[in-house]
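User: I've got a structure here and a few things I'd like to go through with you. Can we take it one question at a time?

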Amino acid sequence: MNDNVYEVLIVGGGVSGTALLYELSHYTDIKKMALLEKYEELATLNSNARANSQTIHCGDIETNYTYDKAKHVKRTAKMVEKYCLQYGYEEKLMFKHQKMAIGIGYNECRFMTKRYEEFKTLYPYLELYNKVKLEEIEPALIVDEHGNGRDEEIVGVGTSDEYTTVNFKMLSDTFVENTKKNTDAKTDIFFNAQVDSIKKEDEIYTLLTKDKRTFKAKMIIVNAGAHSLFLAHKMGYGLHYGQLPMAGSFYKADRSILKGKVYMVQNPKLPFAALHGDPDITLEGHTRFGPTALVLPKLERFKPGTYLDFFKTLKLDMNVVKIFSDLFSDKDIRNYILRNYLFEIPYFGKKAFLKDARKIIPSLKMEDIEYAKGFGGVRGQILDKKNKKLMLGEASINTNEGIVFNMTPSPGATSCLGNAERDIKIICAYLNKNFDEAAFNKDLVEEDTNE
Ligand SMILES: Cc1cc2nc3c(=O)[nH]c(=O)nc-3n(C[C@H](O)[C@H](O)[C@H](O)COP(=O)(O)OP(=O)(O)OC[C@H]3O[C@@H](n4cnc5c(N)ncnc54)[C@H](O)[C@@H]3O)c2cc1C
């Protein structure tokens, strides 16, 4: 092999790119790989602990997941848990908290009870909590500021002894640390390496970075978050997709109000996790609420620029206009979008947000919460222009030509090891290499979750 050519090159050092690097180095016979990261360290964007909700979304309390989606997500979510247990990361970067989804009022309570009956075969640990039990385990859900109980009917479905929370930035760092322990493979990491263009010639890809460095590889996996589609479009791939960056912000309270994660029933028309409250693992003794969802005309939160990249990846045309007009003609979605804009406006936003958050915690007051500055990220939601629809989850473009582009809105952090497993199979087939699936399953797959 030409000395300068990597077998596999990964673009992007978030949780997706680093998980893939780890799996390649541990479960394949690929011996020469590299990862190029735009910034000076790993996981500064969506995989950063302050950018996302830190939740292992395994499908048990995500009320918008169908049984089949929950089964699939559970398998990949368990991989994160098994990985962390294998290296002893519990209480370091992976934590157990109580967690639940609550239904409020007649319809939601019936819905939650029915869902509990259906899903407890998949998640035998789930419990159904009535108001009395909820007052005992999560009193803030029941008691208002005057010490009176909540009038409405309420039920919770949840558990108290599962791993629920991960610092995905720390997880990304461990993927690289553990990759480096395998000295049989050459695994190079390059920081401040923003890939600007990718070209293929004679079966070899050449990547040019903004600072004019060149890298060569036989196969490329682009895990560049919201920029994956941007790079795909630059090469003429995925032109049937547009991308709508949906920023998610948070509010916080500077005291512990909740003992664990409390999610609400989610509108299945929306691709975002329902508003929830939980203890923040980066802020001891604080409670976080959110995330909100609003269209932001840039691809990276809290970083300069990327406005032009937004317009380029939106791929605005009549199909995109049709998707928007369909979304806006749905009353629920329209109200949701407008309300989320309101959440960003000083004072009025806080007032409106408080009204929603009080559905979880009736005693919450204006002085309890503040907009969490510097928290939040951008979910690159995919617009399927062919079918004129907003896609609800992740998307991947496998060109079958040795380059794959992954778009990873929520629950992309939870699925990092599962997505990497999918890509490893594509890589090994393309490069004629071997994937040690038995070792992978033994280390990372929980037996009863194989589909
Ligand atoms: C508000 C919010 C809440 C969320 N909550 C959850 C949750 O609770 N649980 C969950 O599982 N998921 C959640 N998600 C989704 C999750 O954060 C993402 O799916 C996940 O972090 C995606 O990881 P990634 O590595 O694919 O992308 P990113 O973390 O965005 O990383 C992409 C990397 O690529 C680099 N890059 C970009 N362009 C280039 C380039 N040209 N050259 C080189 N490098 C480049 C970037 O610098 C970055 O490091 C949430 C997201 C948001 C916004």
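User: Which backbone oxygen does the side chain of T18 reach?

Analyst: Keep in mind that this is a predicted model. T18 sits in helix α1, and at 0% relative accessible area T18 is buried. Its side chain comes to 2.8 Å from a backbone oxygen, and that oxygen belongs to G14.

User: Helix α1 also turns up around the ligand, I think. Which element gives the most residues to the shell around the ligand?

Analyst: Three elements, α1 (15-27), α6 (227-234) and β19 (377-384), each put at least two residues into that shell. The top contributor supplies three residues, and that is β19.

User: How many residues surround the ligand altogether?

Analyst: The closest ones are S16, E37, S47, T408 and T414. Counting the whole surrounding set, you get 39 residues.

User: What share of the ligand's exposed area does the protein bury?

Analyst: A ligand nitrogen is 3.1 Å from a polar backbone atom of K38, while a ligand oxygen lies 3.5 Å from a backbone N or O atom of Q54. The side chain of H57 has an N or O atom 3.4 Å from an oxygen of the ligand. On its own the ligand would expose 1000 Å², and the share of this that the protein buries is 98%.

User: On to the cysteines. How many disulfides are there?

Analyst: A disulfide is a covalent bond between the sulfur atoms of two cysteines. The cut-off here is 2.5 Å between the sulfurs, and by that rule the count is zero.

User: Where does that leave C58, and which cysteine has the sulfur nearest to that of C58?

Analyst: C58 is in no disulfide. At 7% relative accessibility C58 falls under the 20% limit, so it counts as buried. The nearest cysteine sulfur is 14 Å away, in C84.

User: Last one, about the surface. Is M318 buried or exposed?

Analyst: M318 belongs to helix α8 (residues 318-329). Together with L316 and V321, M318 forms a nonpolar surface patch with about 320 Å² of accessible area. Its relative accessible area is 66%, over the 50% cut-off, so M318 is exposed.

Conventions. Residues are numbered from 1 along each chain as its sequence is written. This is a predicted model: local features need pLDDT of at least 70, side-chain atom pairs count only at pLDDT 80 or more; totals for chains, interfaces and linings use all residues. Side-chain values use heavy atoms; hydrogens and water are left out. Patches are made of residues with over 30% relative accessible area and no salt bridge: like charges are joined within 9 Å, nonpolar side chains (Val, Leu, Ile, Met, Phe, Trp, Tyr) within 5 Å. Accessible areas come from the Shrake-Rupley method with a 1.4 Å probe; for residues, only the protein chains shown count as cover. A salt bridge is a side-chain nitrogen of Lys or Arg within 4 Å of a carboxyl oxygen of Asp or Glu. Helices (H or I, at least four residues) and strands (E, at least two) are DSSP runs, numbered from the N terminus. Buried means under 20% relative accessible area, exposed over 50%, partly exposed in between (1.4 Å probe, protein chains only). A residue is near a molecule or strand if one of its heavy atoms lies within 4 Å of it. A polar contact is a pair of N or O atoms within 3.5 Å; within protein, one must be able to donate a hydrogen and the other to accept it, and residues adjacent in sequence count only if both atoms are side-chain atoms.
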